[in-house]
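Keep the 3D view open as you read.

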Amino acid sequence: MEEGEQKRRNVVIRSSDGSGGDENDVVVELMGLIETVGSYSGYRKTTRKQCLSLVRRLQLLVPLLEEIRENDTTLISAQALNGLVNLKTALLPAKKLLKDCNYGSKIYLALESEAVMGRFHAVYDKLNQALDEMPYDELGISVEVKEQVELMHTQLQRARRRTDTQDMELAMDLMVVFSKKKDDRNADSAILERLATKLELHTVADLKEETFAVKKLLKRRRQNSESLQQMTDLLNKFKAIAGIDEALLVDSPFSKTLQRCPTSLIPHEFLCPITLEIMIDPVIVASGQTYERASIEKWLFSNRRSCPKTGQTLDHLSLAPNFALKNVIRQWCEQNKVELPRKDPVILPPFGCSAEIIEEISSLVQDLYSCNLDVRREAIVKIRMLSKENPENRILIASSGGIPPLVQLLSYPDSEIQEQTVTALLNLSIDEANKRLISREGAIPAIIEVLQKGNGQAKENSAAALFSLSMIDENKLLVGNLNGIPPLVELLGSGTIRGKKDAATALFNLSLNQANKSRVIKAGIIPPLLHLLEDKNLGMVDEALSILQLLASHPEGRSEIGRLSFIETLVRIIQTGTPKNKECATSVLLELGLNNSSFILGALQYGVYESLVELSKSGTNRAQRKANSLLQHMSKCEHIP
């Protein structure tokens, strides 16, 4: 299949790394805390160095937490659990500090720099104390991981002793601006512009964000202290030299409604930096910043290629959905009984499009409604080719209304039209906004029907289209509910190599949904997966193992795998496979063994022990961690050599 090939191949199946389950809620919370601080990307310039250093050190804890999660923690001692709780207690103020440095007032962080550095030192102290009291032996921590944690420990101690050099020019400029004495060094426009540069307070978006942060500080402190008054005065001066109308910085009525919510103030990170309204469809641009889709699309459509918040030129104009933030916003609104307004996707014609291409696509969309079948057929083929060529055409076809008639044509009783149409929709679905439009038009049931009854090429492209559309979480469940999994399993077993790959990609993605795991197993996926493991000419060992690892976390999956006795095949891959094969096979065996020791004993009978020892020394980093975890788990089982 030619269309959409590069996009789909870029989305490589990756092994699930959830081995060990969630026996210890504290470990899950700790990993969540580290993941959260790792997602912050807008640290204020005055604290950026300290923040990034602290985040890098916290991430050194990830191998420790992964190893604890993978070990058998069902008999964890009170002392070990207490050590983890103490670590969580130390991480919470670290998260609060990093959040303040990411979303807080830039003026406040500069004005109170000594107090902020005091908070960093307090965090270092708490983390050091928690690491000192951690019972590594009781938690079964390997020597390698312990050495990495000790490295972090040493770095924290060194950071605690070091005093960062203050930006003297910034300090002097602030002193002059806040000075009450009217002398020759009183604040002039040059000093204010220099301060605005150092504090990154230039644009409307910057000043909107700072206005909101200062208002939050004023609400927290009921009395307007002198420092808060100084901050407000300086912010007003920045607005004046930027020539910004105060009306641009007024919150929208919807934002004010949310801020009056009786249970909580809306978190700052939920607001679009352009409009300061809560984000309904947050997307990430090339600079790493997140915006409401409609707002950033309007910005880009006005021939701008820069990030509104950072000002940096964007390497590309693709928009990636921020699903994690979207889910957090939805959960917050549910908890606080706030109803988000519904917004349909806004698809604007891409800027830079010639009048000729706009006219051509508009004419082709009209031809999709023609009573002449040959005219329709020709229009579908041209739209398929145009949607293959570049991202701008995909957006333009959607904005011209091309998706609804294409979805209707999926049900036309002509195999060639079905093939061309599903391929065109596959190409269009590469654009994230188009995914929602295609789903909303009811395309998924029709695509499943083409997958069941279409010709070979149509089936392959239907499988790829289902994968693309199921990148939206709610569509994963929809495909499962509409019985789309059995024909994918059939394609995995009997399709061409390309068809098998498309089916495997779609089935892996769908199996990320817990309800779909049972459907996939009942559809009979295990036998074709085992065939993929045994037939190395297909080159799909890693894909098969990735799906098997997901299914091994499900009781029905473990039972099915056990009945088919594929442990010997798994051990053979660990012994003779490629480095990536060995890594994936070890992950599957670990997932099985942590839930049922009989799998471990079976693997030992086939001679896996020596291969694991070798892998723990010379495998990939992830393979070494998995092999060490398996060896530690084996030491707790009986009949170990």
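N483 sits in the loop between helix 24 (473–481) and helix 25 (485–494). Helices here are DSSP runs of H or I with at least four residues, strands are E runs of at least two, and both are numbered from the N terminus. The phi angle of N483 is near 65 degrees, a positive value in a residue other than glycine. N483 is partly exposed, with a relative accessible area of 45%. Buried means under 20% relative accessible area, exposed means over 50%, and partly exposed lies in between (1.4 Å probe, protein chains only).

A word on the basis of all this. The model is predicted, so local features need pLDDT of at least 70 and side-chain atom pairs count only at pLDDT 80 or more, while totals for chains, interfaces and linings use all residues. Residues are numbered from 1 along each chain as its sequence is written, and side-chain values use heavy atoms, with hydrogens and water left out.

Now step back. The protein chain holds 35 helices and three strands. It has 641 residues, and 52% of them count as buried. Its accessible surface comes to about 29300 Å², and carbon and sulfur atoms hold 50% of that. These areas come from the Shrake-Rupley method with a 1.4 Å probe; for residues, only the protein chains shown count as cover. Among contacts with a separation of 6 or more, 72% are between residues 24 or more positions apart. Contact means heavy atoms within 4.5 Å.

Look at residues 524–561. That span is 74% helix and 0% strand, and its end C-alpha atoms lie 11 Å apart.

The largest nonpolar core has 94 residues. Such a core is a set of buried Ala, Val, Leu, Ile, Met, Phe, Trp, Tyr and Cys residues joined through side-chain atoms within 4.5 Å. I525, L529, L533, L545, F566, L592 and V608 have the most contacts inside it. Helix 29 (residues 541–552) gives the most to this core, with eight residues. Where does the core lie relative to domain 4 and domain 5? Domain 4 (347–441) and domain 5 (562–640) both give residues to it, so it lies between them. The domain bounds come from an automatic or database domain assignment. Zoom in on L592. Leaving aside its neighbours within four places in sequence, L592 is in contact with A552, R558, I561, F566, I567, L570 and F599. A second, separate core has 46 residues, including L58, A80, L139 and L156.

Move to another loop. L201 lies between helix 10 (189–199) and helix 11 (204–220). L201 counts as buried, at 2% relative accessibility. What does L201 contact beyond its neighbours within four places in sequence? The list is K106, I107, A196, D206, L207, E210 and F238. L201 and I107 are 94 residues apart along the chain, yet their C-alpha atoms are separated by 9.2 Å. E200 lies in the loop between helix 10 and helix 11 as well. Phi of E200 is near 60 degrees, a positive value in a residue other than glycine. E200 counts as partly exposed at 24% relative accessibility.

Finish with charge. The structure holds 17 salt bridges. A salt bridge is a side-chain nitrogen of Lys or Arg within 4 Å of a carboxyl oxygen of Asp or Glu. One joins R119 and D100, at 3.1 Å from N to O. This pair links distant parts of the chain: R119 is in helix 7 (residues 113–132), D100 is in helix 5 (residues 78–103), and they are 19 residues apart. R119 is partly exposed at 32% relative accessibility, whereas D100 is buried at 17%.

Another pair is E334 and R330, whose closest N and O atoms are 3.2 Å apart. Both lie in helix 15 (residues 323–335), four residues apart, so about one helical turn separates them. E334 is exposed at 53%, and R330 is partly exposed at 38%.

K435 and E432 also meet in a salt bridge, at 3.4 Å from N to O. They lie three residues apart in helix 21 (residues 432–440), about one turn of the helix. K435 is buried at 2% relative accessibility, and E432 is buried at 14%. Elsewhere, salt bridges that share partners join K96, D100 and R119 into one network.
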